[in-house]
Amino acid sequence: MKKYAKIITALLLLTLCVSALCACFYNNDENDNSDNSSSGNARQMQLVILNGDNAKEYTVNIDEAQSAQSDKKGLMAILAYLKEQGELTYTAEDSGYGAFLTQINELKNENGNYIYIYTDVEEDFDVSVYASQITYKGKQYTNSISNASQMLIKDNCTIVITTIKF
């Protein structure tokens, strides 16, 4: 019986070592700029600027935008890319903790209205008691706890930018 216990223990240790070695080579970083899709399709995301009932939708090639704006991170790389393409306008300020938007297209922080960013990327969800959600085209989005330069941009994600009145 002791002989079988030693063999099973040795097999378990071998399995553990092989698993640890494989984990070192496996890269599952969702912010990696490489295209890990087996179909070879470009990673894309949707950006929606929602002004009341009017919406302007953009489909953005993530890798292309991040490559063209390598000095910017998160949503700011996407916005800078679209601005460079002449697709939208925006202004942002650096709060010391990252960028926050003060204006995007016709949306502005003024008269008690503030630009609010909603996302479907769970890692950026505001989970505090102050969290808010909106529904756009039948899908629910949660406001982002991250500032625009720290937001995660993932394949097939959608970011909705609108205003909220306080």
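Biologist: Which residue in β9 does asparagine 113 stand opposite?

Modeller: First, this is a predicted model, so local features need pLDDT of at least 70 and side-chain atom pairs count only at pLDDT 80 or more, while totals for chains, interfaces and linings use all residues. Residues are numbered from 1 along each chain as its sequence is written, and side-chain values use heavy atoms, with hydrogens and water left out. Strands here are DSSP E runs of at least two residues, helices H or I runs of at least four, both numbered from the N terminus, and two strands pair if DSSP finds at least two bridges between them. β6 (residues 113-119) and β9 (residues 158-165) pair antiparallel over seven bridges, and the residue opposite asparagine 113 is lysine 165.

Biologist: Which strands stand at the edges of the sheet?

Modeller: The sheet is open, with six strands in the order β2-β1-β9-β6-β8-β7 and mixed pairing. Two of the strands have a single partner each, so one side of each lacks a neighbour in the sheet: these are β2 (54-61) and β7 (133-136).

Biologist: How many of the residues in helix α3 are buried?

Modeller: Buried means under 20% relative accessible area, exposed over 50%, and partly exposed in between (1.4 Å probe, protein chains only). Among those that qualify in α3 are Leu75, Met76, Ile78 and Tyr81. For α3 (residues 74-84), the count is nine of eleven.

Biologist: How far apart in sequence are the parts tied together by lysine 137 and glutamate 57?

Modeller: Their side chains meet in a salt bridge at 2.8 Å, N to O; the term takes a side-chain nitrogen of Lys or Arg within 4 Å of a carboxyl oxygen of Asp or Glu. Lysine 137 is exposed at 65% relative accessibility, whereas glutamate 57 is partly exposed at 37%. Lysine 137 sits in the loop between β7 and β8 (139-143) and glutamate 57 in β2, so the pair ties together parts separated by 80 residues.

Biologist: And is aspartate 120 buried or exposed?

Modeller: Aspartate 120 has a salt bridge to lysine 139, with the closest N and O atoms 2.7 Å apart. Lysine 139 is partly exposed at 37%. Aspartate 120 has a relative accessible area of 18%, so the word for it is buried.
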